[in-house]
Amino acid sequence: MDGTFNENDISDVIASDKAHVWHHLIQHKQFETNDPRIILEGKGMRVWDQNGKEYLDAVSGGVWTVNVGYGRESIAKAVYDQLMKLCYFSQSAGSVPGSRFAQKLIEKMPGMSRVYYTNSGSEANEKVFKMVRQLSHKNHGGRKYKILYRDRDYHGGTIGTMSAGGQDERVMQYEPLAPGFVRVPHCMHYRAHEQGLEGLSIEEYGVRAADAIEQVILREGADTIGLLCLEPVTAGGGVITPPPGYWPRVQEICTKYDILLHIDEVVCGVGRTGTWFGYQNYGVKPDFVTMAKGVASGYAAIALCVTTEAVFDMFKDDASDPLGYFRDISTFGGCTAGPAAALENMAIIEDENLLDNCTEMGARMMGNLEALMEKHKIIGDVRGKGLFLGAELVTDRSSKEPVSEAQMAQVAADCSAQGVIIGMSNRSVPGLNNVLCFSPALIAKADDIDQITDAVDGALGRVFG
Ligand SMILES: Cc1ncc(COP(=O)(O)O)c(C=O)c1O
């Protein structure tokens, strides 16, 4: 650290944090006796807390965000220069970075063409839901309004996105939710037995898991369903990679029943899985793509809802209809810092070949996790794509009984004591919050990857013996 903070500053910061800040997803009783962690500084893949302790950050800022690492001067400078030129104007007008980033982004997304700027992943997803509801009114007499979402997927913390929430613990006590959202089954081969589909090869399972979506469509009536919303790789719901055969069948089903396909790339978007977007690993052609976290690696808040020209056209085909266009506003979608940071973030990924590095380091980490699985019986499954990986912990490999959340927390705390911050599924799927999550920055080197898995090795040995 550069010594900017002295002890008194820090005790003031901690005192006001404890007195006034409400942290996300945390029970605060503990802060009556303990101090919250305050992160003071970050450089590359490492951060420092209030005690000067250094950590290797294996979760890119806690929630899969800081993809190009901390302390990037070129992004800070691009944001500074842009803010001095023009900080903001509402999206009724265009901006230089907004226009340039849209162009650059669309070059990476063949088949997509229009970018709508917003300020959070939840908000970007809400825009899709609104568009679909409006299209239902415009084209189907209001009937094709239902939105399908998948068990174990997550799309945000607003009432609308929680209504599309496949993680029951995130939703409990916040009901009533919005009507018109319908759940389809998950596609997790490791837990196929929950669906009565045990014993199938992973390829057979992939097709059957997609067929299960069709069954829901037939039950509800295809003419009532406007959208299928899916994560390309489920993130907080347990790092679930889609089985082979799943996505082609999903695409076929959407086409057959005239259902628009929305891929929520809030986590996978902009490099996390070794391709620009997660769906590009599976040859899918979406109608909507949303993204947020990695778009500007957290250097500025930015999120986007991207559509095809065909979707866009449906909102401008009748200029005489006063209600016929997308009547939406996102105040902070007009902040110019976001696209300025996003442009530089993308340039860094290209200049430093970070997609290739992500694939290479992801393969190394997967190899390391597989070796840990040989050694520790507590690991029931390892999954992932690129630098987006998970290890599911079970007390018994045949029954797949999950370890307790308390034990998961002990593993994470042990890694933290060793100076490595890892993640874990948390208050997500009731009774199944048993997946360790890893998403180091795309700049990770072999030594960093080994340091992460060595820490997990030590922690599993100490917690489970
Ligand atoms: C897949 C996915 N979609 C949407 C969101 C919501 O994004 P935000 O927290 O920016 O609203 C998240 C957040 O973790 C996410 O993981």
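The structure is a predicted model, in which local features need pLDDT of at least 70 and side-chain atom pairs count only at pLDDT 80 or more, whereas totals for chains, interfaces and linings use all residues. Residues are numbered from 1 along each chain as its sequence is written.

## The sheet of β1, β2, β3 and β14

Helices (H or I, at least four residues) and strands (E, at least two) are DSSP runs, numbered from the N terminus, and two strands pair if DSSP finds at least two bridges between them. On these terms an open sheet of 4 strands has the order β1-β2-β3-β14, and its pairing is mixed. Because β1 and β14 (420-421) stand at the edges with a single partner strand each, one side of each has no neighbour in the sheet.

Strand β1 (residues 39-43) is antiparallel to strand β2 (residues 46-49), and 4 bridges pair them; G42 has V47 of β2 as its bridge partner. The hairpin of β1 and β2 has 2 residues between the strands, and G44 there takes a positive phi near 60 degrees. From β2 the sheet continues to strand β3 (residues 54-57) through 3 bridges, again in an antiparallel run, with R46 opposite L56 of β3. The hairpin of β2 and β3 has 4 residues between the strands, and G52 in its turn has a positive phi of about 80 degrees. The parallel part of the sheet is the pairing of β3 with β14, which has 2 bridges.

## Two domains and their contact

By an automatic or database domain assignment, the protein is divided into domain 1 (37-66 + 353-464) and domain 2 (74-351). Taken over C-alpha atoms, the centres of the two domains are 26 Å apart. Their contact, in which two residues count if their C-beta atoms, placed from the backbone, lie within 7 Å, takes 30 residues from domain 1 and 27 residues from domain 2. On the side of domain 1 that touches domain 2, at least two residues each come from α2 (60-64), α12 (354-375), β11 (379-385), β12 (388-396) and β16 (435-438), and α12 gives the most, with 5 residues. That side of domain 1 divides into 15 nonpolar, 10 polar and 5 charged residues, where Ala, Val, Leu, Ile, Met, Phe, Trp, Tyr, Cys and Pro count as nonpolar, Asp, Glu, Lys and Arg as charged, and the others, Gly among them, as polar.

Strands β11 and β12 are joined by 6 bridges and run antiparallel, with L389 of β12 as the bridge partner of G384. They form a hairpin with 2 residues between them, in whose turn G386 has a positive phi of about 60 degrees. Strand β12 is also joined to β16 by 4 bridges in an antiparallel run, where G390 stands opposite C437 of β16.

## Packed helices

Two packed helices are described by the angle between their axes and the distance between the axes. Here the axes are lines fitted to C-alpha atoms, for helices over the stretch in contact, and angles run from 0 to 180 degrees between N-to-C directions.

| Helix pair | Crossing angle | Axis distance |
|---|---|---|
| α13 (residues 405-417) and α14 (residues 446-464) | about 130 degrees | 9 Å apart |
| α8 (residues 202-220) and α9 (residues 246-256) | roughly 25 degrees | within 7 Å |
| α3 (residues 73-85) and α11 (residues 337-351) | roughly 150 degrees | within 8 Å |

Angles under 35 degrees count as roughly parallel, over 145 as roughly antiparallel, 65 to 115 as roughly perpendicular and the rest as oblique. The angle of α8 to α9 therefore makes them roughly parallel. The contact of α8 with α9 includes G206, V207 and A209 of α8, with Y246, R249, V250 and I253 in α9, and by class this contact has 8 nonpolar, 1 polar and 3 charged residues.

The axes of α3 and α11 cross at roughly 150 degrees, which means that α3 is roughly antiparallel to α11. Among the residues making this contact are I75 and V79 of α3 and A340 and I348 of α11; the classes are 9 nonpolar, 3 polar and 1 charged.

Helices α13 and α14 are therefore oblique to each other. In α13, the residues Q407, Q410, V411, D414 and C415 meet residues of α14 that include A455 and R462, and the contact divides into 7 nonpolar, 2 polar and 2 charged residues.
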